[in-house]
Amino acid sequence: METHYPFTLPPLPYGYDALLPELDERTLHFHHDKHFNTYVENLNGLLEKNPDYQDWTLEELVMKWAELPEEIRQGIRNNAGGVYNHDLYFRTMAPTPATSPSGALEQAIHRDFGGLSELKSAMKTAALGQFGSGWAWLVSDGDGRLSVQKTPNQDAPLPLIPLLPVDVWEHAYYLGYQNRRGDYFESWWRLVDWPQLSETYENLLKNHPVYAK
Ligand code: MN3
């Protein structure tokens, strides 16, 4: 994903049939090629007409939308969030059966939740408890302390550092699971790319992203 305008849709990081049976091809085509792409196009459209903000990073747009002119504020909030959240969502799933976290991340999950099953339970409660459209998240603060958050619509939990999002908009699961958000959550959990997240977390502990408070 680019740092600044113009943003482009990153390709799906695996084949459209790679996440079967958990997520089907039609769901991935609609979710990635249509929904995600629409956020990219809408965000670019808003910035094209407002060149003052073209050098803002995606993270700045997500965090500082409230400082923008009223006529683009809500549009930037929704669409920058949509781009940021979907980029991370597709990048944190993997087609190979998930193993489990390792190293510092495994230790931090034990320290902050009690274990992986307790983390899963907290994520599931957040995902099922998000009324209407939104997201549940595993996040870290700048010191590596983990927590679970939920956000409505396309809001992101920045400046906390998002590690792992689960999209609970109906468009993420309705074709395969209809109203069964809990079944979708269980399938999504099997796709989590723990080796990659463990590496991301190690880097976070070394580099402390500047937007973390
Ligand atoms: Mn979505």
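**Sheet packing and salt bridges**

Asp87 is buried, with a relative accessibility of 9% (buried means under 20% relative accessible area, exposed over 50%, partly exposed in between, with a 1.4 Å probe and protein chains only). The model is predicted: local features need pLDDT of at least 70, side-chain atom pairs count only at pLDDT 80 or more, and totals for chains, interfaces and linings use all residues. Residues are numbered from 1 along each chain as its sequence is written, and side-chain values use heavy atoms, leaving out hydrogens and water.

**Salt bridges**

- By the rule of a Lys or Arg side-chain nitrogen within 4 Å of an Asp or Glu carboxyl oxygen, there are 8 salt bridges.
- Asp87 pairs with Arg91 at 3.2 Å, N to O; Arg91 is partly exposed at 38%.
- Both residues belong to helix α3 (residues 70-91), 4 residues apart; helices (H or I, at least four residues) and strands (E, at least two) are DSSP runs numbered from the N terminus.
- Asp112 forms salt bridges with Arg111 at 2.8 Å and with Arg145 at 3.0 Å.
- Arg145 lies in the loop between β1 and β2 and Asp112 in helix α4, so this pair ties together parts 33 residues apart in sequence.

**Sheet**

- The open sheet has 3 strands in the order β2-β1-β3, paired antiparallel (pairing takes at least two DSSP bridges).
- β2 (146-152) and β3 (161-167) are the edges, each with a single partner strand, so one side of each lacks a neighbour in the sheet.
- 7 bridges join β1 (residues 134-140) to β2, and Ala136 stands opposite Lys150.
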